[in-house]
Amino acid sequence: MDFMFFLQLTLSGILVGGIYALLALGIVLLYKASGIFNFAQGDMTALGAFAAWSLMTWAIDAGLASLQVPIMIIGVIILAFIVAFIVEHFMLRPLIGQPVIVALMLTICLGMAISGVVTVIWPGPGRVLPPLIPTGSFNIGPISLSMGNLTSFIVCMILFGICVLFFQKTKLGLAMRGTSEDQQLAQSVGIKVTVIFFACWFIAQLLGTFSGVLVGSVHILDRGTLAAFGARAFPAVLLGGLESIPGALIGGFIIGWVEMLSGGYLDKALGGGAGEIMPFIIMLIILIFRPYGLFGYKRIERI
Amino acid sequence: MKRPCGTFDTDYGQDMAIARTRFQWIVGIVAALIFFVVMPFFTSTDMLSKINIIGIAIIAALGLNILTGYCGQLNFGHSGFIAVGAYITGILITHLGWNWWATVPVAALGTALIGLIFGLPSLRIKGFYIAVTTLAAFYIIMFIIIRSENLTGGIYGLNIGTVQLGNIIFDNEQKFFYLIMFFLVLLTFFAKNIVRGRIGRAFIAIRDNDLAAELMGINIFKYKLLAFAICSAYAGIAGSLFAAYYGYISAEQFTFRESIWYIGYIIVGGMGTIAGTFFGVIFLKVLESIVTGFAPDLSSLLPVLGSQLISGLMIIMFSIVVILFLIFEPRGLYHRWELAKTTIRLWPFLY
């Protein structure tokens, strides 16, 4: 019984971890290509998810209920395009040559601005997305898992796989990897670094949107829930290591697992909410022993 | 720094002086007299309360500027540290019946201790990693505050009551003005003396290149922890004042967004300058009150935008201001101020 409880928590933790992995992937891709840690990922998630909600309700109101998913996907691609254009063109381009800390502050302020826009456009309580993925639960022996979590996990893994394939196999992905090695060298062999940055932000916004829609379908679409998911993507990234794509996956799983375990075992003792805090504590402990995360590069510094 | 023509430093003391020329002394003393003696009795209570809030924010931002601006360690948990100070004061007053004045040093030391604990990872990690560990610090602190209901009152918060000194009861804005300004002046001089002395130079060396600083014989661990301790002590004192000023504290008053605002203050003002902290806080707070003043008209004009318009607009405006500063003047308002002074001193010559 006790072991079954553990197994139950482990499995549902890994299912939840899929979404963290997807969010972490957005951050890692951006970091690898441009050296910018994107603190706005959580807010970009909220923006995308609320925009998707608007598009889908609009489609249903206009009598196009059967087309709601294609309309949503086209809409969020356009949105990602706009966001990436604004960020790359007006914010990052003037910052070339500035210290990294400036870009970091910029992403934080960008996140704040986006969250302000979300507050103004979609005020009030949370929204309910039209049903996209199956709900309910199913049993494997004594373990019961939520159908929604399983579906979202599968979707996350498919998206993750597509991104990794894109990064490893396509020409643009190769250009991104080249840019991450050395921006000046990449430019000298004819890679347009600005285009790479644009593509990275585009992918980050798109991944954010999809994970936001998944979170919104499984739970409820409101700013607090999405912000909490976004905040837990950071420990997932740092656990796995900033430069590592497999690290993002494993970091996401570990964070989901720790969250579920501490929720299951510690909540009674602490009065709830342990799942929100344990990922951070685990991250702090691991970072003290492995400062570059589990799979990050060990930087050798020179003066 | 440029001096007025004909001013030569003949010893190191003159080089370090805050007010170097007679003109600076006169202007400084007259401005201080007007500000501290005349102003509080001729301004409205509303205005004075804004000045008080600005004063508390400046104290907290000074600490953050020492840690982030001088020592180069990012801190996203500043509002959590302020909460620690406020709650130490609150717990000592409500549970042990201490006088507020006795709780201030305890709050400063206690918060410094918490800051030390969360500063410990900074020995091994830096950059983004230290930013996220301070973010984690914020969440952990707030979790502990909300969960330890017996001490902190959980989500209901704590009532502090009024502050007394002898038989003076601090119950109106004017008295609070002098209380806050006392701490502000004291802590500003303390900060200024830290950063222009040996410790401040070590901080700057660590910020510019910590590896090189270590090679030059600076004990990085000691100075990084010291920076965290000083920053948190300032936050603790600001928290104590916050608790005294509002008379009531609850966990909702200390948000993550607030931490970002503090970073915004020092960016706009100028990182690594004490005077810049003042510029940044005053600039953004004045902007904030202007927007708050206009927002009701705007929301009556456009009722479709909804009730959360004000908070949303504030966030957008604030972040756009900080982004513009990051892009166009990353050295902040203080740099502009220096440029303006130099221009006036050299006018009409262009040399």
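Modeller: Happy to! Let's start with the chain around our part: among contacts in chain B between residues at least 6 apart in sequence, 75% join residues at least 24 apart. Two residues are in contact here if their C-beta atoms, placed from the backbone, lie within 7 Å. This is a predicted model, where local features need pLDDT of at least 70 and side-chain atom pairs count only at pLDDT 80 or more, while totals for chains, interfaces and linings use all residues. Residues are numbered from 1 along each chain as its sequence is written, with chains lettered from A and ligands numbered from 1 in the order in which they are written.

Chain B has 15 helices and four strands; these are DSSP runs numbered from the N terminus, helices being H or I with at least four residues and strands E with at least two. Of its 351 residues, 44% count as buried, a word that needs 20 or more other C-beta atoms within 10 Å of a residue's own, again placed from the backbone.

Now zoom in on B:Cys231, which sits in helix α11 (residues 220–246) of chain B. B:Cys231 is buried because 28 other C-beta atoms lie within 10 Å. Which residues is B:Cys231 in contact with, leaving aside its neighbours within four places in sequence? They are B:Gly63, B:Leu64, B:Ile66, B:Leu67, B:Asn75 and B:Gly115. B:Ile58 is 173 residues away from B:Cys231 along the chain, yet their C-alpha atoms are separated by 12 Å.

Methods: A residue is buried if 20 or more other C-beta atoms lie within 10 Å of its own, exposed if 12 or fewer, and partly exposed in between; C-beta atoms are placed from the backbone.
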